[in-house]
Amino acid sequence: MRKTIDLERVPTLGSLYAKALGDRVKELLPGAKTSLLVLPEVSHRVAALRPDRDQLVAYQRLMGDTVREELPSVFVHGLVFPVAMSVLVRDDFPLPLLGMVHLANSVEHFRPISPSSELEVIAYATDLREHRSGTQLDMVAEVRQADELIWRGVSTYLARGVWLGSKPERVAVSHDEFVPPRRSASWSLAADTGRAYAAVMGDYNPIHLSALSAKALGMKRAIAHGMYLAGRTLASSAPHEGGYTWSIDFATPVFLPSRVDVSFIESVDSTRFCGWNAKSGKPHFSGTIQRL
Amino acid sequence: MSAQSDTPAIRQAVIIGGNRIPFARSNGAYAKASNQDMFTAALDGLVARFGLQGQRIGAVAGGAVLKHSKDFNLMRECVLGSSLASDTPAYDVQMACATGMEAIGSLANKIKLGQLDSGIGGGVDTTSDAPIAVSEGLRSMLLELSRARSTSAKLKAMSKFRPSFLAPNAPGTGEPRTGLSMGDHQALTTKAWNITREAQDELALASHKNLAAAYERHFFDDLITPFAGVSKDTNLRGDSTIEKLGSLKPVFGKSLGDAATMTAGNSTPLTDGASAVLLGSEAFARENDLPMLANFVDFEAAAVDFVHGAEGLLMAPAYAVARMLKRNNLTLQDFDFYEIHEAFAGTVLSTLAAWEDEEFCKNKLGLDAPLGAIDRSKLNVTGSSLAAGHPFAATGGRLVATLAKMLHEKGSGRGLISVCAAGGQGVVAILEAR
Amino acid sequence: MADKYLELVNSGFTKNLAKTLGLPRPSILRRYEPGAPLVPGPVLLLGGSPQAQNISDTLLGWGLDVRRHAVGEGKIGAIILLLDEVSTPGELSEPMLAAGHALRQLAPGGRVVSISRKALATDAPALTATRSGLQGSLRSLGRELRGGATANGVVLGERVDATAPSAIAAVRFLLSGRSAYVDGQFLEVDTTDGELPANFEKPLAGKVAVVTGAARGIGAAIAATLFRDGATVVVVDVPAAGDALAKVANQVAGTALQLDITRVDAGAVIIDHALARHGKLDIVVHNAGITRDKLLANMDAARWDSVIAVNIESQLRMNETFLGAELPGLRLVSLASTSGIAGNRGQTNYAASKAGVMGMVTASAQAFAASGGGINAVAPGFIETEMTAKIPVATRTVARMLMPSLMQGGLPLDVAEAIAFLASDAAGGINGQTLRVCGQSLVGA
């Protein structure tokens, strides 16, 4: 049973990044952290989160969505993300936050959520496991309204080059060559896409902000926020009348500026989507939206 | 059957005639003309043709796709600047490229219902004098500034200014929900229906030849009034050849590689222009000694889901026609003329292919049998948008007036109009000769 | 386009300067305005014809102050010389000298109008000499008049007397401001046909008129004048001039017909339009015309042929159609030109077409009379239009001033007034004639 730690309020991402950066520096100091890879048995909780309406409108405008009385699923993710982050930057958290790669998201959005709701948010880390390039884990966030679970998101992260046991044999992974399907849309992503997202959601992760700040963290240019890509996708395809689940897997980063071609293939209850680089044809992301 | 019926006898809505200004390629002859200038000229030409000076018309309806915010009452302003009586009411309509059709169709309905005795429908568009908006950043800042009460709040608002705000925002022809241009959308459809480059070029060539021939036989003498020194559509290339068209490089669907077939020659260029059509009840026409060219029999709108790729952006007319034929108990072959708006040659050919396709007609249109092929010699016989150009909202008026005159010349029969529009929409109509 | 010289010498300082320097001072002409007096003063009726009483009664009926003898010192508005009965040259003496005596009293914009009989080759030499002589004398008198006054005459045919409707109408036209730029001309009335209008301010009420070449210049003025006089007007011009044509149509509450009149079916298109839209066709004004000037030595076929095709061949072809349609009472007026009378350097093609028009109306008169109508021509002299505005200033000033007695160019309106008169039912007794509107000039464009 995890121990629940109540946070007074949702922490700011800036303070969390600052802590993560400090931890990174500490790691570099001799004899710092032991490499015992065990996840802390805690949940972080914010008991009463009230969505900000101005922020909601700004988000809906940014994604080209209609402003309506409903929290978009990716917006909810943005609201709870700092709570999850606060778990990741705990001193007893075994993996370095900075440099972790966001692999996938899977969300259950059980019913439409009103912007006037008072939300309880609980976040914890789980399922530490091997990945061919290191170690991965799931960050789970749950959103409840009056004890009813209305939103549950699982974000999968990879700590590259960190191994649970001994480094495994390099297995040759066969990649099916990606053939772009018929495109349904084309997004022109400007160089300031990352800054625009940060301005709305407060996520000032340097790898999204500018080419310079991204380079400082080893990226060749700024990359689009994965949740921005998911947000654009859901803005065009998420249902509004009932519950649904959605998941997205990220293949390669979208370097800004960029043109991303997108395909939506609809069937009765679901929409499959994928996005790829309009020039090179390299896949960026793919996923599904499934009605409940 | 007894004579009793639930529906009262409905009046005919008659097309009396039309007028347009010649269409001019964007940033050409009409570069300095506004939507209001052009539609007023089209109205005045119509007034002159039919002697409507000082008359109160039931309503003037129309619109523009690209519109300045100051043109919120465009049609009314045009009426006030025209030779019509100033107590003629007017309203704006906007349905992308189907604006003109929707305006004319709705007036026809009002005439049929006895609500109006006369109406003028049409549209206008300029891509030369297009509205340019300030950037979203500057707009937000200015709005915040206007809301700010205190000096400090004002300064705070102004502190948000960034030099990049000064870059203006011109309207694009891209679909808002997909970011794809109309041409790139059509390229997907063109490929899906396996429409060849040759077939598209042939259709484009026919459009130019037919339009040139129609001018040659004075067909447009009572359909067009010159404007700004232009007396013929400036996009018309009567001397074009299949070789010239064949030498052009693809401009749309370039991501399709070798499968790209859509060139500047078989796609409609951006165009400026205006058109207006005069409709009335039979009594109105008779009382005013006005000609009756054709009856506006029926019209139908359709829309498709292009956002998620279920259907091509410009395929809605294929659906609308099926529904309208059923309602009127007609087959696709029951027409003497087909006016299918040539947004792109590929649009026309994809639509025709869809009507001939058993699977499409069964699965998408819910029909037992395909609508079938049409006699191609009846298609766009006096040219269409590929040659004349396509000032979005003005195309409906051009088509209705042209078809009405052709039917009247023939003296019998029916004509079908099909217009596709942005947003996955389309409006189709049936006219009947008088 | 405005005649600046005319304005300058008639106002303020420049007027006095012009006087001092002895520069010619053309007068501002008295033009027709609805509601204005017919003539600017009493009418002096001279001549001892038995018709004098009838004429006098008619003039009185129009509300004019009619005098049979010159009296007092006051201004008179017009002198009418009723000389239909003179038969020897000697008989001209008394009325002409009486007229001369009264000339000093003639008001600015005054009129001298003679009523006489046609000089025929078949009459006694003395009679014909007398009648011819009178015309020569009156033309000379025209050149002596100043202040915008004019001298013109009505010439009666063999079986027509001075009270014939068209004679009366012609007298009224010549007295009025409608004939402002008509000077030294004679209108022949050959029949007693014609009907005076119920309302002289709306002489074309109820008529449907077609004007070709109506998009601008003289054609637009004709359309405006016919509309003012009560007609419903169909304005015609080539499709390329459609925008200007629409403006004219909307100004005259008429309908615009974009039509190239050189089309073989042009006449039929015009008839169809007029009948379908307005129920009938009463008046056709063949105004459309082009110039393609070049010395004959340098003339090419394109210039020559296009002028002939537009200015005369089209009219001949349309007239055939109109005759075939047997439109009752159809009156036509064609635009000729003084170039076709006196000739004009560089206009061999144009003059051929315009002299051709005069020949055409002569030869068509009888055919149109058969269905109760008629055909006449108007030959303008130097008219201030967009076309003549292109002539260099010096040439233009000389052209408008030196030759005509009225020392100025005419306005499109002046031509239009003559056309409106000839197109009216009142002119029914006038057929096959060409009336010059030239300010008594010999050259024109």
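Q: Why does B:Asn295 count as buried?
A: The cut-off for buried is under 20% relative accessible area, with exposed over 50% and partly exposed in between (1.4 Å probe, protein chains only). B:Asn295 has 5% relative accessibility, so B:Asn295 counts as buried. The residue lies in strand S9 (residues 294-303) of chain B. Helices (H or I, at least four residues) and strands (E, at least two) are DSSP runs, numbered from the N terminus.

Q: What are the ground rules for these values?
A: This is a predicted model: local features need pLDDT of at least 70, side-chain atom pairs count only at pLDDT 80 or more, and totals for chains, interfaces and linings use all residues. Residues are numbered from 1 along each chain as its sequence is written, chains are lettered from A and ligands numbered from 1 in the order in which they are written, and side-chain values use heavy atoms, with hydrogens and water left out.

Q: What makes the pairing of B:Asn295 and B:Arg434 a polar contact?
A: A polar contact is a pair of N or O atoms within 3.5 Å; within protein, one must be able to donate a hydrogen and the other to accept it, and residues adjacent in sequence count only if both atoms are side-chain atoms. The side chains of B:Asn295 and B:Arg434 are joined at 2.9 Å. Those of B:Asn295 and B:Gln12 are joined at 3.5 Å.

Q: Which residues does B:Asn295 touch?
A: Contact means heavy atoms within 4.5 Å. Leaving out residues up to four places away in sequence, the residues touched include B:Ala13, B:Val14, B:Ile430 and B:Leu431.

Q: What makes A:Arg183 and B:Asp184 a salt bridge?
A: The rule asks for a side-chain nitrogen of Lys or Arg within 4 Å of a carboxyl oxygen of Asp or Glu. Here the closest N and O atoms are 3.5 Å apart, and the pair forms a salt bridge. The count between chain A and chain B is one. Two residue pairs in polar contact also cross that interface (both at pLDDT 80 or more).

Q: How much area is buried between chain A and chain B?
A: Buried area is the accessible area (1.4 Å probe) that two parts lose on being put together, summed over both. For chain A and chain B the value is about 1200 Å², with 43% from carbon and sulfur atoms. The contact takes 12 residues from chain A and 15 residues from chain B.

Q: What separates chain A from chain C?
A: No contact joins them, and their closest C-alpha atoms lie 44 Å apart.

Q: What makes a set of residues a nonpolar core?
A: The set holds buried Ala, Val, Leu, Ile, Met, Phe, Trp, Tyr and Cys residues joined through side-chain atoms within 4.5 Å. The largest has 76 residues, and C:Val235 is one of those with the most contacts inside it. This core draws at least three residues from each of domain 1 (31-189) and domain 2 (208-437) of chain C.

How values were computed: Domain bounds come from an automatic or database domain assignment.
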